[in-house]
Structures are given as C-alpha cells and as structure tokens.
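Q: I have a protein model open and would like to go through it step by step. Could you help me read it?

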Amino acid sequence: MTCTPRAARIPGVRATLSTAAGLLLAAGSAQALDYTGYLRAGPGGTTDGGASRACYALNGGTSGMKYRLGNECDIYGEFQLAQGFKKDGIDYKVVLMTDYWNPHSDADDAKHLRLAQMYVEAKGFDFLPEATVWAGKERGRRGDVHIVDTYFTEMAGIGAGMKGIPVGPGKLGVAYYTNDKDTNQRPGHRGNVEYVDIPTNTDGTLAFFGTATKSQFAGGTNGWGLAAKHVQSKLFGTSLNNVLWVQYAQGSTGLNSNFGNQTDTSAAKKFRVVESVNFQQGAWGGMGMLLWANEKDNAGKATVSTSIGGRVSYGVTRNFKLLTEAGVSQYKPDGGQRARLTKVTFAPTLSTGPALMDRPEFRLYVTHAKWNKAAGNVTGVAGYDGETSGTSFGAQVEVWF
C-alpha cells in the first residue's frame with residue numbers, strides 16, 4: 001500500500017510540487033541542483049489562563065521593534081530550488097521558491113502556501129559581460145537585523161532589471177516592478193536604482209538605494225525615497241561587525257525601498273536610522289540594534305519610534321549554548337501618549353555549533369514582557385485585554401540550509 005503525503009493531497013501544494021518536479025526533470029543529470037531553505041516552528045504556551053499562547057509586539061510606530069527570540073507564535077518555512085545552466089557562453093539560472101506562513105502553530109492550511117519567487121537571471125552577454133539580467137518574481141536585495149526579523153531594505157515583487165553593472169568604484173543596478181492585482185498591495189509601478197559595493201575604507205563598503213513609486217488607482221499617490229547603508233567588518237580591528245542604515249521616504253514610497261501606504265501624500269515624510277552590531281569572540285557571540293524613526297502622516301503629525309535591544313549567546317559546550325535577549329521599544333504619536341514594551345527571553349539551546357549564528361538550533365525558552373496601558377493589548381489575544389504583562393514558554397527549532 002502506498003501512502004500519499006498530506007501535502008500532496010492539498011490542491012495548492014500539489015500544483016507547487018508539480019512545478020518543482022518539472023524543474024527537477026528539466027535540470028538534467030549533468031547539472032547540479034541547488035536546494036536551500038529556512039524554517040522555524042514549535043509549540044508554546046503562557047502562564048496566563050486567557051490564552052493558549054501569546055507573543056508581544058507594539059501595534060504602532062515603525063517596523064523593526066519586535067525582538068524574535070521566544071517571541072514567534074507562527075510557523076514559517078521557505079524552500080528554494082535553483083538550477084544553473086550554460087549555453088553559448090551565457091550563464092543563466094532558474095529559481096523557484098515556495099514559502100508557507102501561518103500565524104498559528106497548526107500548519108495544515110493550504111491557503112498560506114504561496115509562490116514566493118520564480119525568476120530567471122543570466123550573465124555573460126557580450127555587450128556587458130559583468131552585468132546580470134533578470135526577470136520574474138524575486139526578492140531582490142534585502143537587508144535585515146536578524147534579531148528583529150525585519151527587512152529594512154526589500155526590493156521585491158514582479159519585475160525585471162539589470163544589476164552588477166561596473167560604474168566607477170561600485171556596481172549599478174536598475175529595476176522596474178509593477179503590481180496589477182488589488183490584494184495586499186494596490187495597483188502601481190515602482191522603480192529602483194542601486195549603487196552598491198563602493199569601497200570606503202579598510203573592510204568597509206557603502207551602498208545607495210533610490211526608489212520611485214506611482215499608484216494607479218483612484219486616490220493613489222506617488223512617492224520617492226533614498227537610503228544609504230554602510231557595512232563595516234572588523235570594526236576598530238576587533239571582531240565587531242557594524243551595519244548602519246540611513247533612510248528617507250515620502251508619499252507612497254516605504255522606508256524599505258518598496259511601496260508604502262499608497263494613499264500617503266507628499267506631506268507624509270518618513271526618516272529612520274538603524275544601527276546594528278554583531279560579534280563572535282570565542283564562546284561569546286552577540287547582536288545588538290539601536291533604532292530611531294520619525295514618520296509624519298498626511299496631516300504632518302509625527303510619530304517618533306525608538307528601540308534598543310540585543311541577543312547574547314554563550315557556548316557552554318560545542319553543542320549546548322545559552323541565549324538571552326532583551327529589547328525595549330516605544331513610540332509616541334504627536335499629541336498622544338507614549339506606548340512602551342519591554343521583553344526579555346532566556347533560552348537554553350542545542351545546536352550544531354557554539355556560535356551565535358550556528359544552525360540548526362533547538363531551543364527551550366521562557367519570555368516575559370511588560371508594557372504600559374498606552375500600548376494596548378500587545379498580544380492581540382482577547383485574554384490579555386486590560387493586562388500589562390505576560391509570560392510565555394515553549395520550544396522552537398530554527399534552521400537554514
């Protein structure tokens with residue numbers, strides 16, 4: 001008797017698996033298939049009777065103020081197939097990625113499965129051999145601070161472009177994206193320009209990102225944005241690595257070099273600075289972040305957000321480490337009360353190695369959070385209405401491969 005996997009019995013999953021199988025067959029025995037991915041999942045609970053599990057995040061202010069460790073109630077995975085080919089001197093690659101996200105712990109739900117990436121890129125054309133041409137659905141150049149799981153730059157969507165064009169000391173890239181389905185994002189057009197890999201000093205590089213957006217629906221607006229990112233390895237000759245973002249956007253452009261609120265006018269001006277540092281020195285590893293943002297709405301009223309936090313690891317043995325993470329975030333709307341959230345987590349962890357970023361990790365965790373009345377219900381769970389603190393516990397696996 002042959003048992004059919006549950007995923008294969010779900011129509012949306014079955015179609016995606018069929019596409020992936022087609023890609024595998026097209027690869028041919030002489031080519032190596034590159035399979036990569038990421039996932040996180042695990043059970044959890046709370047010490048409070050009003051909820052089976054809860055996570056803690058401010059419901060206002062800028063993005064990037066939710067510290068992840070022991071504070072993820074979802075299940076998420078992404079699985080990518082990539083196949084490279086060479087024909088007539090041209091190197092090209094086909095990429096297919098599916099991902100799955102469910103805000104709850106039960107993953108048996110096909111509606112949360114989607115096609116995250118499907119594109120082709122090629123390099124080696126005689127007119128510009130160092131440049132890469134691409135088209136399709138892709139995530140572009142993304143930049144995050146791992147402990148908050150926010151992409152501060154995310155040029156993603158259905159588009160086409162060229163990158164890696166040598167210009168002066170750096171490399172130029174241009175891309176055009178469009179969205180014509182009124183779902184999470186309304187119809188619109190977006191252009192991105194990047195100038196990256198600019199050497200600035202020893203072990204330091206600089207990148208610039210420009211964005212222009214045009215909404216194409218009644219009430220839609222236009223916008224533009226600029227961002228700079230500096231990456232410094234071996235800061236002051238130490239094991240510290242530093243990343244600094246300075247970002248500005250207005251109108252329908254978001255601070256992450258993507259669409260923002262597509263009805264924001266030119267009066268909506270947004271500014272954000274993100275400073276991140278990470279290190280690994282012997283058994284000790286760590287990552288920290290400092291964030292400040294000022295975002296004005298269409299009436300010119302500003303919301304100021306700040307956040308500071310970090311994660312520290314200590315490798316007790318090669319496969320056992322202790323993790324702790326703490327973060328304090330707040331935002332204050334113009335004329336309103338300051339909302340504040342503090343979160344602390346402790347997590348004994350089994351891993352393939354003792355370093356902060358070694359994966360997979362199998363964690364047990366306890367998280368305690370405290371917030372003020374102005375923050376409201378930071379869990380979104382009805383049982384926490386009127387509460388100002390909570391404690392959660394659970395287990396989680398996180399792996400990239």
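Q: Let's start with one side chain: is Phe127 buried or exposed?
A: Phe127 counts as exposed, because its relative accessibility is 55%; here buried means under 20% relative accessible area, exposed means over 50%, and partly exposed lies in between, with a 1.4 Å probe and protein chains only. Please keep in mind that this is a predicted model, in which local features need pLDDT of at least 70 and side-chain atom pairs count only at pLDDT 80 or more, while totals for chains, interfaces and linings use all residues. Residues are numbered from 1 along each chain as its sequence is written, and side-chain values use heavy atoms, with hydrogens and water left out.

Q: And which ring does Phe127 pair with?
A: The structure holds 13 aromatic pairs, and in one of them Phe125 and Phe127 form a tilted pair, with 6.3 Å from centre to centre and 35° between the planes. Rings of Phe, Tyr and Trp (its six-membered ring) pair if their centres lie within 6.5 Å, and planes under 30 degrees apart count as stacked, over 60 as edge-to-face and the rest as tilted. Phe125 itself is partly exposed, with a relative accessible area of 29%.

Q: What about Trp224 and Tyr248, how are their rings placed?
A: Their centres are 5.4 Å apart and their planes meet at 50°, so this pair is tilted. The pair links distant parts of the chain, since Trp224 belongs to strand E13 (residues 222-232) and Tyr248 to strand E14 (residues 241-251), 24 residues apart. Strands (E, at least two residues) and helices (H or I, at least four) are DSSP runs, numbered from the N terminus. Trp224 is partly exposed at 37% relative accessible area, and Tyr248 also counts as partly exposed, at 23%.

Q: What does the side chain of Lys270 reach?
A: The side chain of Lys270 reaches the backbone oxygen of Thr253 at 2.7 Å. Such a polar contact is a pair of N or O atoms within 3.5 Å; within protein, one must be able to donate a hydrogen and the other to accept it, and residues adjacent in sequence count only if both atoms are side-chain atoms.

Q: Changing topic, how many disulfides are there?
A: A search of the whole structure finds 1 disulfide, which is taken here as a pair of cysteine sulfur atoms within 2.5 Å. Cys55 and Cys73 form it, with their sulfur atoms 2.2 Å apart. Both Cys55 and Cys73 lie in the loop between E2 and E3, so the pair ties together parts that are 18 residues apart in sequence.

Q: Are those cysteines buried or exposed?
A: Cys55 counts as buried at 11% relative accessibility, and Cys73 counts as buried at 14%.

Q: Where is Glu72?
A: Glu72 is found in the loop between strand E2 (44-46) and strand E3 (75-87), and Glu72 is buried, with a relative accessible area of 9%. Leaving aside neighbours within four places in sequence, Glu72 is in contact with residues including Arg40, Cys55 and Asp149. A polar contact of 3.0 Å joins the side chains of Glu72 and Gln396.

Q: Which two residues does a cis peptide bond join?
A: The cis peptide bond joins Arg359 and Pro360, with omega at about 5°. Pro360 has its place in the loop between strand E19 (339-351) and strand E20 (361-371).

Q: One more backbone thing: what is the phi of Lys234?
A: Lys234 has a positive phi of about 50° although it is not a glycine, and Phe236 likewise has a positive phi, of about 55°. Lys234 is in the loop between E13 and E14, and Phe236 lies in the loop between E13 and E14 as well. Lys234 counts as exposed at 54% relative accessibility, while Phe236 is exposed with a relative accessible area of 76%.

Key
Contact means heavy atoms within 4.5 Å.
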